[in-house]
Amino acid sequence: MSQLAQQLGEIKGRFDAALSRAADDAALEALRVAFFGRIGEITLLRRSIGKLPPAERPTAGKIINDTVASMEEQLSAVQAKLESAQFASELGKDIDVTFPSTEPAMGSIHPIRRLTEIISGYFERHGFAVVLGPEVEPDYYNFDALNIPAGHPAREGFDSFWLTDTLLLRPHTSPMQIRTMQQHQPPIAVIVPGKCYRRDAVDARHSYMFHQVEGLLVAHGIHFGHLKAMLTGMCSELFGPESSIRFRPSYFPFTEPSAEVDARCPLCKGRGGSCRMCGGSGWIELGGSGMVHPNVLREMKYDPEVVSGWAFGFGIERMALRRYDVDDIRRFFENDPAFLRQLR
Ligand code: DAH
């Protein structure tokens, strides 16, 4: 037993000497192998316990274990010291801590989404509720209830994707006028952004999927002036405080009278000429609007003698092309990060 203690003492002595010379990771690793490896000094000493009388074995094991524990502590202390010294020397050598770091990659709100939020936000501040509707609609909501019965020529204008004889992908957000009026009594004030679908061939100005935002206000005593005021406010939010709007007489089956709405071009201020933003017309087309048709109100069991309302439906991409000065609608759907980053 005393012999084992003596051997252990000698091993420990060699270990301490080697450890004090170890200057890098490789030296530490060699030391580990020499003492704790498969034929390392400690390993061999452990094996020799088997030759001791059985009564002495537990004590021998304990002496070795205690020494090994302190050796391992020494090892990790030296390793930590080496690492921090190495880190400090590399800091001074290769790393310029004053060098600007790379910017973290940030996403951005998609321009279509952002425009939708600006418009919705404007109407919300004026007491409108933002509601969303289904993209698959029965023809009743999309056509019949909007005063477009089967066989009405206006149905052709919508060029819809039909899923069954009676179900279609909505070609406009107007069916949500019907759903809202069915579920609520006037006063009603909603704004409905969402995706729409039409069988359009894709080119710089068209896509089979696009976004609209629908507005609907129904209450007692509503007139066209209210519509004009709200849309003027919306455009000054979108295109700046000097912007203004104009109405052009038009026809939609679900409004009477009906009008197309244009915003004065914010770039040329309506002068047109060779303006690239408005294409020279001086005006930017937003979409359709009008006073809710009495037939629609009656279908909703509202009395047109008591309540009236206005509605509009604008194309978001159309506005986005102008507002962000983009020349091709497809850019909005390709989601090229380089493009989106420019519009951040
Ligand atoms: N839904 C029509 C379309 O997509 C646009 C429209 C016109 C909506 C007049 C309206 C409206 O709410 O009053 O062509």
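A pocket, as the word is used here, is an open set of grid points with protein on both sides within 12 Å along at least five of seven lines, and its lining residues have an atom within 4 Å of a point. With that settled, the largest pocket of this predicted model turns out to be lined by 38 residues. Sitting nearest its centre are Arg198, Gln212, Gly287, Gly315 and Arg318. The space inside comes to about 810 Å³.

Two or more lining residues of the largest pocket are given by each of α7 (154-158), β5 (209-219), β6 (245-252), β7 (255-264), β8 (283-292), β9 (308-315) and α11 (316-323). Strand β8 puts in the largest share, with 7 residues. Sorted by class, the lining of the largest pocket splits into 14 nonpolar, 15 polar and 9 charged residues.

The second largest pocket holds about 340 Å³ of space. It has 18 lining residues, and Arg113, Thr116, Pro193, Gly194 and His211 are the ones closest to its centre. The class breakdown for the second largest pocket is 6 nonpolar, 7 polar and 5 charged residues.

Along the principal axes, the C-alpha atoms fill a box of roughly 115 × 50 × 40 Å.

One helix pair also deserves a look. Helix α2 (residues 25-36) packs with helix α3 (residues 41-48) at an angle of about 15°, and their axes are 3 Å apart. Angles under 35 degrees count as roughly parallel, so α2 is roughly parallel to α3. On the α2 side the contact is made by Ala34, Phe35 and Phe36, and on the α3 side by Glu41, Ile42 and Thr43. By class, this contact of α2 with α3 has 4 nonpolar residues, plus 1 polar and 1 charged.

Conventions
Residues numbered from 1 in each chain as written. Predicted model: local features only at pLDDT ≥ 70, side-chain atom pairs only at ≥ 80, totals over all residues. Heavy atoms only, no water. Axes fitted to C-alpha atoms, helices over the stretch in contact; angles between N-to-C directions. Helix = DSSP H or I, 4+ residues; strand = E, 2+ residues; numbered from the N terminus. Parallel < 35°, antiparallel > 145°, perpendicular 65-115°, else oblique. Contact = heavy atoms within 4.5 Å. Nonpolar A, V, L, I, M, F, W, Y, C, P; charged D, E, K, R; others polar. 1 Å grid on protein atoms, 1.4 Å probe; cavity = no way out; pocket = protein on both sides within 12 Å on 5 of 7 lines; lining within 4 Å. Points joined across faces, edges and corners; volume = space filled by probe spheres on them.
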